[in-house]
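Let's take a walk through this one, from the core out to the charged pairs and the rings. Keep the viewer open as you read.

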Amino acid sequence: MISAIKTLSLWDLLLGLRVTLRNLFVKKVTIQYPEERTPQSPRFRGLHALRRYPNGEERCIACKLCQTVCPAAAITIESDVAEDGTRRTTRYDIDLFKCIYCGFCEEACPVDAVVLTRLYEYHMEQPGQNIMTKDKLLGIGDKYEGMIAADRSADAPYR
């Protein structure tokens with residue numbers, strides 16, 4: 001008898017809708033994305049950048065530690081000896097489709113040349129745009145050096 005009453009009153013349906021009915025009048029928490037931004041950690045790992053010294057010289061010394069430590073094999077480096085006898089990169093490519101944004105390259109770099117910025121709003125429309133070349137990476141580093149330097153100084157206790 002009780003089973004028939006539960007069946008006719010749609011008791012199981014009401015139990016299933018209990019969560020919906022409970023949250024029907026609760027204030028919604030929705031972020032209107034382009035206008036509002038969620039808080040972001042200074043240790044967020046986003047788009048890569050190559051940095052320069054304050055005198056404009058590239059920091060990368062082509063030690064290839066970042067290429068070696070990359071678990072996804074996303075970094076390709078070719079190097080040559082410059083006129084002053086130092087080793088410099090002739091090619092520094094990062095495939096963003098392969099990259100898993102683990103930050104190992106950043107940790108392995110002895111001169112703080114490659115960093116992962118807090119930039120996450122980027123996209124690719126054409127084939128091949130996923131390959132970040134040395135010029136693109138240096139451009140990002142030059143454009144956002146202020147943000148990168150501020151994040152590095154805020155990061156100091158955690159390094």
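## The nonpolar core

The largest nonpolar core has 26 residues, and C66, I75, Y92, I94, V114 and M132 are the ones that touch the most other members. A nonpolar core here is a set of buried Ala, Val, Leu, Ile, Met, Phe, Trp, Tyr and Cys residues joined through side-chain atoms within 4.5 Å. Buried means under 20% relative accessible area, exposed means over 50%, and partly exposed is in between (1.4 Å probe, protein chains only). Strand 1 (48-50), strand 2 (75-81), strand 3 (87-95), strand 4 (114-116) and helix 6 (134-143) each give two or more residues to this core. Those elements are DSSP runs numbered from the N terminus: helices are H or I with at least four residues, strands are E with at least two.

Zoom in on M132 for a moment. Leaving aside residues up to four places away in sequence, M132 touches L47, Y92, D93, I94, L96, L137 and I140, where contact means heavy atoms within 4.5 Å.

A word on the ground rules: this is a predicted model, so local features need pLDDT of at least 70 and side-chain atom pairs count only at pLDDT 80 or more, while totals for chains, interfaces and linings use all residues. Residues are numbered from 1 along each chain as its sequence is written, and side-chain values use heavy atoms, with hydrogens and water left out.

## Salt bridges around R51

Searching the whole structure turns up 11 salt bridges, each a side-chain nitrogen of Lys or Arg within 4 Å of a carboxyl oxygen of Asp or Glu. R51 pairs with D112, with the closest N and O atoms 2.8 Å apart. D112 sits in the loop between helix 5 (104-108) and strand 4, and R51 in the loop between strand 1 and helix 4 (65-69), so this pair ties together parts 61 residues apart in sequence. Both D112 and R51 are buried.

R51 also forms a salt bridge with E145, at 2.7 Å between the closest N and O atoms. E145 belongs to helix 7 (residues 145-155), so here the pair ties together parts that are 94 residues apart in sequence. Through shared partners, salt bridges join R51, E106, D112, E145 and R152 into one network.

R37 and E121 meet through their side chains in a salt bridge (2.6 Å, N to O). R37 is in the loop between helix 3 (18-22) and strand 1, and E121 in the loop between strand 4 and strand 5 (131-132), 84 residues apart. R37 is partly exposed at 47% relative accessible area, and E121 is partly exposed too, at 48%.

The whole structure has one aromatic pair. F44 and Y120 make up that edge-to-face pair, 6.0 Å centre to centre with 75 degrees between the planes. Rings of Phe, Tyr and Trp (its six-membered ring) pair if their centres lie within 6.5 Å; planes under 30 degrees apart count as stacked, over 60 as edge-to-face and the rest as tilted. F44 lies in the loop between helix 3 and strand 1 and Y120 in the loop between strand 4 and strand 5, 76 residues apart.
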